[in-house]
Amino acid sequence: MVEEQKQKQQRFRETIQRQREKLPIYASKDELVAHIEQNETVIILGETGSGKTTQIPQFVYERMMTMKKENKNNNTEFESNFPPRKEKGTMVAVTQPRRVAAVSVAKRVSQEIGDGGKLGDLVGYGIRFDDCSSEQTRIKFFTDGMLLREALNDPLLSRYGAILVDEAHERTLQTDFLLGTLKAIQEKRRMNILEKDDDNDNNNNNNKRKKRKKRPPPPPLKLIIMSATLDASSFSDFFDACPIIYIKGRTFPVETYYLKEPEEDYIDAALCSVMQINEDEKDIKGDVLVFLTGQEEIESLGKLLTQRGKDTYPQLNVVLLFAAMPAEEQMKVFEETPKGTRKIVLATNIAETSLTIPGIRYVVDTGLTKMRTFKAKSGVEELKVVPIARSQATQRCGRAGREAPGKCYRLYTEDTMFSLAEQVVPELLRTNLAGVVLMLKAMGVNDVLTFPFIDKPSTEGLLRSLELLYSLGALDDKGELNKIGRQMSKFPLEPMACKCIIESRNQKCTEEIVAILAMLSTENVFVGRTIQVAKHKTGDHMTLLNLYADYSKVSRNGKKKWCNSHGVSFRAMNKAEKIKEQLSRSIGHIEDWDEDEEKDEEREGEEKEEKQEKENKSVRIRKALTAGFFMNAAKKESISDGSGGGSNSMFVTLIGGNRLFVHPSSTTFHKFSSRETAKEAVGISSSYIIFNELIRTNKLYARDVSVIEGEWLTEFGSRVFGTQR
Ligand code: CDP
Ligand code: MG
């Protein structure tokens with residue numbers, strides 16, 4: 001039996017090895033390794049699916065291991081740029097913009113490397129709220145943001161000998177920020193080594209003693225930037241004209257079809273296209289990949305297709321792929337589809353370049369994507385569905401021609417195609433930079449305007465972020481990080497959310513705030529049509545908290561059932577629970593946290609405490625939320641025509657004056673959607689709300705809304721709303 005198992009494993013390993021050797025990148029292995037060895041930084045360009053992400057980390061690791069061996073045998077200082085030292089610089093980090101990709105690729109590489117270990121041994125990953133690695137881990141996949149966090153604790157990232165920054169073409173905020181940070185680290189590591197050599201030259205005794213105590217500095221840092229699009233000149237310019245290596249891919253021709261007339265309802269258009277492809281290409285084997293914008297529409301189209309696809313030949317085997325999906329389910333897209341069925345993959349732009357799905361011959365492209373945008377003027381961040389860039393359209397199309405000639409159906413006109421922007425605008429240029437600025441300050445980069453950004457964000461945007469941090473109380477009058485700011489930088493959350501945690505200590509509701517933030521960090525808690533959850537009169541935050549509290553009381557075995565019967569996603573709740581644990585742990589790591597609390601208690605005395613006890617818990621909680629999210633406050637617009645029965649009330653944001661409505665998913669929606677005022681509806685004398693997210697569809701909608709008191713805004717947002725003192 002054991003023998004059989006072993007043989008099976010052996011066969012599996014051989015198959016994987018054969019697959020690896022067939023990848024286009026394998027042919028250039030030696031050349032690649034040589035380039036990496038000779039240069040501190042290289043850029044590698046190659047078609048999606050050529051093997052960059054899964055293979056190059058292994059090449060680099062293998063080379064590092066042989067270097068170490070050679071070094072041991074020769075017993076001489078090895079004259080290579082590869083790090084031979086034992087402790088420092090022995091790990092390889094690979095970064096991905098997306099959590100999904102980091103986990104799934106780590107899994108794949110762990111299988112390929114065939115060390116008999118499991119994920120988390122030799123190969124691991126680290127993403128926000130989830131670390132899967134150990135002392136033995138040598139190849140670790142990260143999201144860019146998580147590697148940046150590591151740089152807060154280890155400013156030289158000295159554990160790493162090589163860092164591979166993947167999917168650099170996506171130009172996400174975190175990737176660009178990481179590239180700037182790594183450039184600075186490379187310089188520092190070079191300097192450190194020079195300094196050490198100076199010490200060596202200087203032969204005086206004093207120095208020698210000092211030197212012996214000093215640990216050796218980490219070796220130079222290898223940087224490998226990987227990208228799928230052909231324009232890499234800006235990266236090369238940024239890294240002192242470093243070499244760009246091209247890997248030839250194999251691609252087959254793809255026929256492209258356009259709509260004759262623009263189509264508003266792209267979900268319906270996608271549905272029709274898939275059915276049509278299945279019908280027209282009945283006798284041809286090949287799976288379909290549909291690009292959509294987000295989880296909700298992926299799930300609804302998934303349902304429609306599953307229903308319709310039962311009676312077709314071939315039958316449709318619908319699989320979904322989006323970021324918020326649990327890892328095991330994501331792996332389903334890589335499974336071969338059963339005979340007599342056609343796999344239909346409904347995906348976000350995850351499938352554009354970061355994951356390659358075998359078997360795809362048809363692509364249906366809606367031409368849209370969801371994008372986070374930020375208006376520096378109004379300070380409001382929005383999640384919006386926008387047209388893709390032409391480079392993305394080309395990438396999507398290419399997915400159809402990886403294994404055989406394919407077809408791509410664009411659900412837009414040819415004119416539209418030519419009106420698309422050529423390249424994606426780097427996120428750095430269109431997003432909220434407050435988190436980045438906070439991190440920079442925490443890393444000791446005080447003058448953030450001088451940080452080497454690959455594309456300089458607007459000075460206005462940077463100043464806005466400094467203003468926000470100042471108004472949150474994270475910076476002192478000189479613009480330097482103060483204690484609150486330092487504490488805030490320890491939480492893996494946006495600065496506004498971090499501030500809520502800080503204030504929660506004063507309001508004695510840290511547990512509750514952490515639970516609410518954890519709930520806000522998961523997606524789509526409510527899944528059922530009828531939601532059996534008591535809605536709190538003050539809005540979504542308290543409702544989420546109550547839901548969390550109820551869920552916590554259910555026994556471990558009963559949780560799934562409880563969720564089903566309450567119209568709540570077990571997956572989301574389970575995730576929220578994990579996130580809450582993680583956040584609580586990061587609070588535990590904050591120095592001075594408890595100490596401060598004790599001091600506060602002494603100062604406040606019993607009198608105040610008593611008063612606080614009396615003060616409604618929901619007041620304290622919403623105060624803590626206001627302390628973080630006061631920038632997202634809006635006031636109800638009085639509508640005087642009196643005829644607005646049934647229509648949703650309009651709000652105007654206090655900063656920026658944006659007009660918005662409460663999203664229908666909010667528990668406050670019904671309160672505000674009649675002629676009743678907020679006062680009558682919720683029994684609270686206020687027409688102010690705070691919210692966590694804005695979405696623009698036909699109108700601007702606020703999600704995750706709570707009613708607050710206007711005076712809290714002057715209390716907690718005194719640096720913005722307060723009178724000049
Ligand atoms: O990074 P790049 O797009 O160049 O390629 P890759 O992600 O390294 O993928 C190389 C090959 O491995 C592709 O043919 C994928 O289909 C395959 N792969 C897989 O079968 N399962 C995974 N979990 C990841 C990759
Ligand atoms: Mg890749």
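1. K508 lies in the loop between α19 and α20 (510-521); helices (H or I, at least four residues) and strands (E, at least two) are DSSP runs, numbered from the N terminus. K508 has a positive phi of about 55 degrees although it is not a glycine. With 19 C-beta neighbours inside 10 Å, K508 counts as partly exposed. A residue is buried if 20 or more other C-beta atoms lie within 10 Å of its own, exposed if 12 or fewer, and partly exposed in between, with C-beta atoms placed from the backbone. The model is predicted: local features need pLDDT of at least 70, side-chain atom pairs count only at pLDDT 80 or more, and totals for chains, interfaces and linings use all residues. Residues are numbered from 1 along each chain as its sequence is written, while chains are lettered from A and ligands numbered from 1 in the order in which they are written.

2. A positive phi is also found at E167, again not a glycine, with a value of about 55 degrees. E167 belongs to the loop between β6 and α7 (173-201). E167 is buried, because 25 other C-beta atoms lie within 10 Å. Most residues other than glycine have a negative phi, and most peptide bonds are trans. P314 is placed in the loop between α11 (295-308) and β11 (315-321).

3. Which residues are closest to ligand 1? They are K52, T53, T54, R108 and T356, out of 16 residues that surround the ligand; a residue is near a molecule if its C-beta atom, placed from the backbone, lies within 6 Å of it. Both α4 (52-74) and α5 (99-113) supply at least two residues of this shell, and the largest share, 4 residues, comes from α4. By type, the shell divides into 4 nonpolar, 10 polar and 2 charged residues. Here Ala, Val, Leu, Ile, Met, Phe, Trp, Tyr, Cys and Pro count as nonpolar, Asp, Glu, Lys and Arg as charged, and the others, Gly among them, as polar.

4. Why does ligand 1 lie between domain 1 and domain 2? Both domain 1 (2-199 + 216-247) and domain 2 (254-428) give residues to the shell around the ligand, so it lies between them. The domain bounds come from an automatic or database domain assignment.

5. An open sheet is formed by 8 strands in the order β4-β3-β5-β2-β6-β7-β1-β8, with mixed pairing; two strands pair if DSSP finds at least two bridges between them. Its edge strands, β4 (130-132) and β8 (244-247), each pair on one side only. From one strand to the next, the twist averages 20 degrees. Within the sheet, β6 (residues 160-165) and β7 (residues 222-227) run parallel and are joined by 4 bridges. I163 has L223 in β7 as its bridge partner.

6. Helix α5 packs on this sheet, touching β2 (91-96), β3 (123-127) and β5 (139-143), and its direction makes about 170 degrees with that of β3. Contact requires that the C-beta atoms of two residues, placed from the backbone, lie within 7 Å. Axes are lines fitted to C-alpha atoms, for helices over the stretch in contact, and angles run from 0 to 180 degrees between N-to-C directions. Helix α6 (residues 144-153) lies across β2, β3 and β5, running at about 105 degrees to β5.

7. Is strand β10 enclosed or open to the outside? 5 of the 5 residues of β10 are buried, so the strand is largely enclosed by the rest of the structure. D287, L289 and F291 point one way, V288 and V290 the other way, and all are buried. In a regular strand the side chains alternate between the two faces of the sheet. β10 pairs with β13 in the parallel sense over 5 bridges, and with β12 (residues 341-347) in the parallel sense over 4 bridges. The bridge partners of V288 are Y362 in β13 and I344 in β12.

8. Helix α14 (residues 390-398) has as its buried residues Q392, A393, Q395, R396 and G398. These pack against β9 (254-259), β10 (287-291), α13 (350-353), β13 (360-365) and α15 (414-419).
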